[in-house]
Amino acid sequence: MDFTQAVRSCFLNYITFQGRAQRSEFWYFALFSLLGSIAISVLESLTAGISLVETGVLEGLFSLAVLLPSLAVSVRRLHDLDRTGWWWWLWLIPIVGWIILLIWMVKKGTYGDNAYGTDPLNGWIDDDDSGATHTSSIPKINRDD
């Protein structure tokens, strides 16, 4: 899954807490959220004279716009690891909870179907979770082999 597909997928599934999300979907949306927040913050500081450390109206609206999609893709990412979405609440535990969630979010999802849905990679080995299309001349290897 590439950057635009991930962002599109997260906004199309912005309140879908069922199913699974591959790593690339989660991390591309996190990157989109970070870059969008930085860009809006810089834009507001240049046009409205707001300090970069202050939150302006546009940045607040952007944060609200990505809140539910971020939460939903985080829960779906946990589902890909065969964990309940309730583990998302670990972020409330400073440092320890953040480290645990970070480690989980960078791990590969479980192979094959799990209690939360089908494998988003459809059983293919793919180190970057890019999905079914592959531009390499080396063929993909099915995980069952």
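Q: Where does valine 75 sit?
A: Valine 75 is placed in helix H3, and please keep in mind throughout that this is a predicted model.

Q: Is valine 75 buried or exposed?
A: Valine 75 has a relative accessibility of 8%, under the 20% limit, and therefore counts as buried.

Q: And what is valine 75 in contact with, leaving aside its neighbours within four places in sequence?
A: With those neighbours set aside, valine 75 is in contact with Phe17 and Gly85.

Q: What percentage of the residues count as buried?
A: Of the 145 residues in the protein chain, 34% count as buried. The chain exposes about 9000 Å², and 68% of that is supplied by carbon and sulfur atoms.

Q: And how many of the contacts join residues at least 24 apart?
A: If you take the contacts in the protein chain between residues at least 6 apart in sequence, 63% of them join residues at least 24 apart.

Q: Which residues have the most contacts inside the largest nonpolar core?
A: That core has 15 residues, and those with the most contacts inside it are Phe29, Val73, Leu78, Leu101 and Trp104. The elements that each give two or more residues to this core are H1 (3–12), H2 (23–47), H3 (57–80) and H4 (96–106), and the largest share, four residues, comes from H3. As general background, nonpolar side chains tend to be buried together in soluble globular proteins.

Q: What does tryptophan 104 touch?
A: Not counting residues up to four places away in sequence, tryptophan 104 touches Arg77, Leu78, Leu81, Arg83, Trp87 and Leu90.

Q: Changing topic to helix packing, at what angle do H2 and H3 pack?
A: The angle between H2 and H3 is about 170°, with their axes 10 Å apart. Angles over 145 degrees count as roughly antiparallel, and H2 and H3 are therefore roughly antiparallel to each other.

Q: Which residues make that contact?
A: The H2 side includes Phe26, Phe29, Phe32, Gly36 and Ile40, and the H3 side includes Val57, Phe62, Val66, Val73 and Ser74. By class, the contact of H2 with H3 has ten nonpolar, six polar and six charged residues.

Q: And H2 with H4, at what angle do their axes cross?
A: The axes of H2 and H4 cross at roughly 125° and come within 9 Å, which makes H2 oblique to H4. In that contact, Arg23, Phe26 and Trp27 of H2 meet Leu102, Met105 and Val106 of H4. The residues there divide into five nonpolar, no polar and one charged.

Q: Which loop does aspartate 82 lie in?
A: Aspartate 82 lies in the loop between H3 and H4, and it has a positive phi of about 65° although it is not a glycine. Its relative accessibility is 40%, so aspartate 82 counts as partly exposed.

Q: What about isoleucine 95, buried or exposed?
A: Isoleucine 95 counts as exposed, because its relative accessibility is 54% and the limit for exposed is over 50%. The place of isoleucine 95 is in the loop between H3 and H4, and it has a positive phi of about 60° although it is not a glycine.

Q: Last one: where does glycine 117 lie?
A: Glycine 117 lies in the segment after H4 and, at 25% relative accessibility, counts as partly exposed. The C-alpha atoms of glycine 117 and glycine 19 are separated by 5.1 Å, although these residues are 98 apart along the chain.

How values were computed
Residues numbered from 1 in each chain as written. Predicted model: local features only at pLDDT ≥ 70, side-chain atom pairs only at ≥ 80, totals over all residues. Heavy atoms only, no water. Core = buried A, V, L, I, M, F, W, Y, C linked by side-chain atoms within 4.5 Å. Buried < 20%, exposed > 50% of the residue type's maximum accessible area, 1.4 Å probe, protein only. Contact = heavy atoms within 4.5 Å. Areas by Shrake-Rupley, 256 points an atom, 1.4 Å probe, with all protein chains shown as cover. Axes fitted to C-alpha atoms, helices over the stretch in contact; angles between N-to-C directions. Parallel < 35°, antiparallel > 145°, perpendicular 65-115°, else oblique. Nonpolar A, V, L, I, M, F, W, Y, C, P; charged D, E, K, R; others polar.
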